[in-house]
Amino acid sequence: MTRPTVATVLSARPWEARLAAAAHRSGLVRLVGRIYQPIELSRLDTPDWLVVGAETAWLDPLRIEAIRSSGTAVVGVHADGDEPAADRLLQAGADVVAQEATDPADLLRRLVSPPPMPELSGGGVTAVVGPRGAGSTTVAIGLAGTSQGIAIIDTDSTPGVGPMLGLAPPTRRASGPEDLVHHGTDLEEGPTVITIGALERPPTLADATSAVTYAGRLFDGVVVDAPPPFDRRIGWCADEVVLVLDASVQGLLRGMGMIEQWEWPIPRLVLNRVVDEDATDAARDVTGLEPDGLIPLSLEPIAAARE
């Protein structure tokens, strides 16, 4: 499991220096930057968390929304007993709010644990992930099958699910993730297709996670096609994660890079485009996982994936 990456916003108040020192001592997280202006955050390769004080001059709801939309969760720190500041941070959208007196090690331990996700009252969520070109879209469609009451969510800004199922590009643009879910395309014999790329604005990583958690309340089951990059929280809110790897040597090596950064429960490994059974041994050696499914190289990949 990789350590979460954390950046802090420099502050004249003592909490920031204490937190940075605790990060170095504990090894719980990887401190990747101590920034002053928000533009510096773009140079840090999307840290998992940004810890910022309520006293920060540029902090406002729009800024927090932009940071969270990029895939970075926000921790707001406020002066002890300053309830108005705490309320402002919560209303602005901070994921975690803490007082300055909070023990830095305790706060870091909170960041190591997955952030809370909305409880799903509908069916289960299956996230299908894999390196680009591995065939995660094909496998996601195969897992969704032909049952109605199932939603398949295409989180790619360049949709792949719709074209593979012969759907025309959506003509209606949705105002947000909930609107998107309510106006998915119902197939006559098959799942409801929800395309993140149908938003009226450029989609963000957080939009995909919001759509997944909302659809989980409405459908009997949700299958998520989540090619990289994707919001890490999709893996945390899923009931199971399916890792799809191309069975070629190059495909397995690409998968090894993903596994080295893996932070979710052990996935089901599916090998795609299998030519011979030697791929099973090679995948086991490279990944340390036992393949749960083998999809042969086929001229009809969706049918092969469903089998």
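This is a predicted model: local features need pLDDT of at least 70, side-chain atom pairs count only at pLDDT 80 or more; totals for chains, interfaces and linings use all residues.
**Entry 1: the whole chain**

I started with the secondary structure and got 12 helices and 13 strands for the chain. Helices here are DSSP runs of H or I with at least four residues, strands are runs of E with at least two, and both are numbered from the N terminus. The radius of gyration is 21 Å, close to the 19 Å that the globule rule gives for 307 residues, so the chain is as compact as a globular protein of that length. That radius is taken over C-alpha atoms, and the rule is 2.2 Å times the number of residues to the power 0.38.

Residues are numbered from 1 along each chain as its sequence is written, and side-chain values use heavy atoms, with hydrogens and water left out.

I looked up the spans too: the C-alpha trace covers about 65 × 45 × 30 Å along its principal axes. Of the 307 residues, 50% are buried; buried means under 20% relative accessible area, exposed over 50%, and partly exposed in between (1.4 Å probe, protein chains only). I also checked contacts (heavy atoms within 4.5 Å). Among those with a separation of 6 or more, 69% join residues 24 or more positions apart.

For charges I found 24 positive and 42 negative, with mean positions 8 Å apart. Lys and Arg count as positive, Asp and Glu as negative; His and the chain ends are not counted. Each charge is placed at NZ of Lys, CZ of Arg, CG of Asp or CD of Glu.

**Entry 2: helix 11**

Next I went to aspartate 285, which sits in helix 11 (residues 278-287). Aspartate 285 is exposed at 65% relative accessible area. I checked its C-alpha against that of tryptophan 262, 23 residues away along the chain, and got 17 Å.

Which residues of helix 11 are buried? I get Ala279, Thr280, Ala283 and Thr287. Down the helix axis they fall within an arc of 105°, so they line one face of helix 11. The arc is that of the directions from the helix axis to the C-beta atoms. I remind myself that an α-helix has 3.6 residues a turn, so residues three or four places apart point the same way.

The buried residues of helix 11 pack against strand 11 (240-246), helix 10 (249-260), strand 12 (268-274) and strand 13 (291-296). On the face turned away from that buried side I find the exposed Asp278 and Asp285. After helix 11 comes glycine 288, with a positive phi near 80°.

Most residues other than glycine have a negative phi. I noted arginine 273, with a positive phi of about 60°. Arginine 273 lies in strand 12 and is partly exposed at 32%.

Aspartate 45 also has a positive phi of about 60°. I place aspartate 45 in the loop between strand 2 (30-35) and strand 3 (49-53), exposed at 71%.

**Entry 3: threonine 46**

I stayed in the loop between strand 2 and strand 3 for threonine 46, which is partly exposed at 41%. What does threonine 46 contact, leaving aside neighbours within four places in sequence? I list Thr5, Ser70, Gly71 and Thr72. From threonine 46 to isoleucine 67, C-alpha to C-alpha, I have 9.1 Å across 21 residues of sequence.
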